[in-house]
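Hi everyone, thanks for coming.

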Amino acid sequence: MSSFSITEPSNRTKWFAGTLVIAYALITMMPLVWIGLTGFKSPADAISYPPKYIIGSDSEAGFQPTLEGYVNLFTTRTRQTEEFLANNPPKNWADEIVRQYDMVIVGPSKFGERFLNSVIIGFGSTFLSVFLGTLAAYAFSRFKIPLADDLLFFILSTRMMPPIAVAIPIFLMYRNLGLSDTHLGMILLYTAVNISLAVWLLKGFIDEIPREYEEAALIDGYTRFQAFYKVVLPQAATGIASTAIFCLIFAWNEYAFAVLLTTANAQTAPPFIPTIIGIGGLDWPAIAAGVTIFVLPVMIFTILLRKHLLRGITFGAVRK
Amino acid sequence: MSDKTADRVAAATPTHVARKIRGLSDRAIAWIFVAPTIFLLLAVNIFPLIWTVRLSFTDYKANRINREPEWIGLRNYERILTDSDIWLNMQATAHFLFWTIFFQVLIGFTLAWLINKKFKGNDLWTTIIVLPMMLSPAVVGNFWKFLYQPQIGLFNYIIAFFTGKDPSSFEMLGSVDLAPWSIVIVDTWMWTPFVMLICLAGLRSIPDYIYEAAEIDRASKLRQFFTITIPMVLPFLMLAVLFRGIENFKMFDLVVQLTGGGPGSTTELTSINLKREAFEKWRTGYASAYAIILFVTVFGLASIYVKALNKVKER
């Protein structure tokens, strides 16, 4: 009967609070919506003044949506002579779009490669950090480890170093070991960065699983290992999944190490997207398209994660 | 039921494996489980840190492999601490830190307080508000650069729309006065939800009966706010500030994409300056000393702060 409680806000208060929060939400979404729209504009519409924001309208504030940005993002193009263009009809719809600038598609751009690198390094490091993190978290949660608090703090403190400070010796070390600009090198590095998060988060999740479950299993004749993977792991599945998503998002978003330690072979998308050049400067629709594709998975994961979000961003310090 | 599973598992485990696993004590398992993590951190974090300390006493330059580095003692540290340019970078960092935390706490707490009024659909709007903080800071910096373009950018257009100024009359990223604020705005846009979420957890942790008791004692709403709400949320708020403080002290990706440290060096935060020294001027020894100074600063400030936080929690 909460509606009779004296602490329940009045309807007027609720209405007022709701309006302000929704107004903030709409303002805060504007940059994202704008990037989404820009991805579907032609380069001319993207930089027009006053800005165009009505899709498909012929009015001054309207623009015709086009996939130009996406085509430019994924392809490389060259200018061709009129003769060549006349003799070679466009092969597909993408080619047709490019023709309006007297250009032809000559091959894929580097975006696909960079995006794939993001996927490989992201999933690789996530798997490793969650795997190692789960083992360590279980040990910290269930066993008496000498100096456990100090070790846990040590694990956390590795996160306080500025990435550039870490990058200097890593750069030298990787150069000596031949790990510069390799997938393995980046996976190990991101794992080392993420493992503090994984251990702290997972320890919190495993702490919440009653010890009695395992103890019962041990009495039933399970070994420690069996109790760990037949009893604890299934119970911790949600925690492990959300930890994995947090690690994945971090690795996906990381920029400083990627820009300093990779140049081509293992470079991920974040250092690449801002460098997309079009005719006469940065190709904003292509950049916007790249940003959209890059950011969309993170937004979906965030929505899936919303119940555990707080825990993830505070290393498990705040639980709801 | 668990009996049956146990039997099945026990029966399915080959005896030699079972014996081997059973042979391990809990202590052994604990070490086997923790060792890989510790080893990885030692290899990728601690060993490099020690290496950095060693380099910081030399004049090593990473782009000249054949040159034998010279041991120069504390000279790098001396040079950094007496360099007035570095103090300017520190000032820029302090400005950035102070104002981002100020706005994020102010707006974040207000939003959390409003959301806690439990209006219909507050969960949905909270999720929407939270989105910016999960994005890649470098990518955020990149597309805000687009919004900040004079003449064509949406930000300038909207400011011009409300103030009647000419949208090409001011450059957020290009002017010495505005650039430090442009990075504060983007960071606030991105990270206010973080402070908001933590404050919301704090507000939700306050049990209703405290307010009910205050209501019975006829304490005014304002009094309740200052004697119940604020003190109860304070530990949460301080935690949020700790996280933001550490993160923004290390700030690199967002600002490097947005302004690249410019114009001049008005937004050259310490991390950006460090990157220049280390990876553009290749003064590896000098940059190592710089890195150590920064690390000690964050670590020291954070430890003092955590002590204060624990005192507030005890109260």
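**Two chains, piece by piece**

Let's start with chain B, whose domain assignment gives domain 1 (14-55) and domain 2 (78-314); such bounds come from an automatic or database domain assignment. The centres of domain 1 of chain B and domain 2 of chain B, taken over C-alpha atoms, are separated by 37 Å.

Some housekeeping before I go on. This is a predicted model, where local features need pLDDT of at least 70, side-chain atom pairs count only at pLDDT 80 or more, and totals for chains, interfaces and linings use all residues. Residues are numbered from 1 along each chain as its sequence is written, while chains are lettered from A and ligands numbered from 1 in the order in which they are written.

So what is chain B built from? It has 14 helices and zero strands. Helices (H or I, at least four residues) and strands (E, at least two) are DSSP runs, numbered from the N terminus. The radius of gyration of chain B is 26 Å, well over the 20 Å that the globule rule gives for 315 residues, so chain B is more spread out than a compact globule. That radius is taken over C-alpha atoms, and the rule is 2.2 Å times the number of residues to the power 0.38. Along its principal axes, the C-alpha trace of chain B spans about 80 × 75 × 40 Å.

Over to chain A. Here we get 16 helices and six strands, and the chain is divided into domain 1 (11-109) and domain 2 (112-275). Chain A has a radius of gyration of 26 Å, whereas a compact globule of 320 residues would be near 20 Å. Of those 320 residues, 45% count as buried. Buried means that 20 or more other C-beta atoms lie within 10 Å of a residue's own; 12 or fewer makes it exposed, in between is partly exposed, and C-beta atoms are placed from the backbone.

Now look at how the chains meet. The contact takes 88 residues from chain A and 84 residues from chain B; two residues are in contact if their C-beta atoms, placed from the backbone, lie within 7 Å. On chain B's side, helix H3 (residues 26-55) gives the most, with 14 residues.

Next, helix H1 (11-38) of chain A. Its 28 residues should span 40 Å at 1.5 Å a residue, and the end C-alpha atoms are 40 Å apart, which agrees. The expected span is 1.5 Å times one less than the number of residues. H1(A) has a kink of about 40° at Met30(A), shortly before the proline Pro31(A). That bend is the angle between axes fitted to the seven residues ending there and the seven starting there. Among the buried residues of H1(A) are Ala17(A), Tyr24(A) and Pro31(A).

On chain B, helix H8 (residues 154-163) has Leu154(B), Phe155(B) and Asn156(B) as its buried residues. They pack against H1 of chain A together with helix H7 (137-147) of chain B. After H8(B) comes Gly164(B), whose phi is positive, near 80°.

Last stop: Ser168(B), in the loop between H8 and helix H9 (179-204) of chain B. Why does Ser168(B) count as partly exposed? Because Ser168(B) has 14 C-beta neighbours inside 10 Å. Leaving aside neighbours within four places in sequence, Ser168(B) is in contact with Pro150(B) and Gln151(B).
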